[in-house]
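This report goes through one structure, starting with its ligand and then turning to the sheet behind it. The sequence and the model are shown here.

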Amino acid sequence: MSGLCSERVAIVTGAGRGLGRAHALALAGEGAKVVVNDLGAGLDGTGTEAGPARLVVDEIVARGGQAVAHGGDVATAEGAASLIRTAVETYGRLDTLVNNAGFLRDRMLVNLDEDDWDAVMRVHLKGHFLPLKHAAAHWRAETKAGRAPAARVVNTSSGAGLSGSLGQGNYSAAKAGIIGLTLVAAAEMGRYGVLVNAIAPAARTRMTEATFAETMAAPDAGFDAMAPANVSPLVVWLGSAASAGVTGRVFEASGGRITVMEGWRPGPTADKGARWSPSEAGEAARRLLAEAATPEPVYGAR
Ligand SMILES: NC(=O)c1ccc[n+]([C@@H]2O[C@H](COP(=O)([O-])OP(=O)(O)OC[C@H]3O[C@@H](n4cnc5c(N)ncnc54)[C@H](O)[C@@H]3O)[C@@H](O)[C@H]2O)c1
């Protein structure tokens, strides 16, 4: 199959449903051979089911593409290692890793159980780190063997990670962590030909059915702005050799809109050249805040 990703092998985690499914179909549509990972977890991360990953593989094959299912948990060392192995053993190579798997356990912080904190940290942060680590080890070995991979990683953050989201303290912290991980991975892995970027998507999936209830129904005709497939073209491009030179960046993507998110950078500064007293520090902080840009509001807060 010809296309932007022909000759490439891509892994998409959590690709049995929602955004991951759309990314897997789009990558396959551009010629990639795809490892469709999905644990088949429930909305809160509990349970497992082989069906979703297999169905997506069947869809890709029915459209003339190539794909293989992987049902492992990406947040375990064995799951992540076997995921990378599946790509290399089935198709002989790995070019693109799309980290996407995840789930929610929303609660206000005062009601948030330790288990809900741990589970969300685990699936998003460890579930990004471990596949990234195993893929990076593979690409480093490729580089040492004299091959020059045009390797790509696309991580999945969220507006919650960028601006915060009420009732999602665990998820917002994990998704902000994914931005930090993306920046470090991009800086460390460039020498092995690996480019690492992140997206903050928005789309109608089972995860956001309640949030996007008003826009749930596709318009009678024309453009369905909340379709997950709208996010996938950017993921395909970032996951292809065509994105050469782009690394350590964060993009919001939803509907027909793509936005480069500009990160923390120094704003107004005062330097006394000596230690401040607490009240002096407070006066300086207030003066600087008056000059500073107003932060983006936290989602759900007034
Ligand atoms: N839908 C949105 O608007 C939106 C917004 C911001 C960020 N995101 C992020 O996009 C990603 C995809 O979300 P979605 O909306 O498509 O949700 P979804 O629930 O439709 O799909 C997530 C998939 O991940 C799988 N999964 C969960 N834990 C796993 C594990 N340990 N190993 C392997 N697979 C696992 C689930 O089985 C599920 O099929 C998530 O990281 C989510 O946080 C989504």
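## Ligand and sheet

In this predicted model, a polar side-chain atom of Asp73 lies 2.8 Å from a nitrogen atom of the ligand. A polar contact here is a pair of N or O atoms within 3.5 Å.

| Residue | Protein atom | Ligand atom | Distance |
|---|---|---|---|
| Asp73 | polar side-chain atom | nitrogen | 2.8 Å |

The protein buries 98% of the 820 Å² that the ligand exposes when taken alone (Shrake-Rupley method, 1.4 Å probe). Helix 1, helix 4 (114–144) and helix 6 (169–189) are the elements that give two or more residues to the shell around the ligand. Helices (H or I, at least four residues) and strands (E, at least two) are DSSP runs, numbered from the N terminus. Around the ligand there are 31 residues, of which Asp38, Asn100, Tyr171, Thr205 and Arg206 come nearest (a residue is near if one of its heavy atoms lies within 4 Å).

The model also has an open sheet of 8 strands, with mixed pairing and the order 3-2-1-4-5-6-7-8. Strand 3 (67–70) and strand 8 (257–260) each have a single partner strand, so one side of each is left without a neighbour in the sheet. Strands pair if DSSP finds at least two bridges between them. Strand 4 (residues 96–98) and strand 5 (residues 151–156) pair in the parallel sense over 3 bridges, and Leu97 has Val153 in strand 5 as its bridge partner.

Helix 1 (residues 18–29) packs on the sheet, touching strand 1 (9–12), strand 2 (33–37), strand 4 and strand 6 (194–201). Contact means heavy atoms within 4.5 Å.

Residues are numbered from 1 along each chain as its sequence is written, and side-chain values use heavy atoms, without hydrogens and water. Local features need pLDDT of at least 70 and side-chain atom pairs count only at pLDDT 80 or more, while totals for chains, interfaces and linings use all residues.

Methods
Axes are lines fitted to C-alpha atoms, for helices over the stretch in contact, and angles run from 0 to 180 degrees between N-to-C directions. A polar contact is a pair of N or O atoms within 3.5 Å; within protein, one must be able to donate a hydrogen and the other to accept it, and residues adjacent in sequence count only if both atoms are side-chain atoms.
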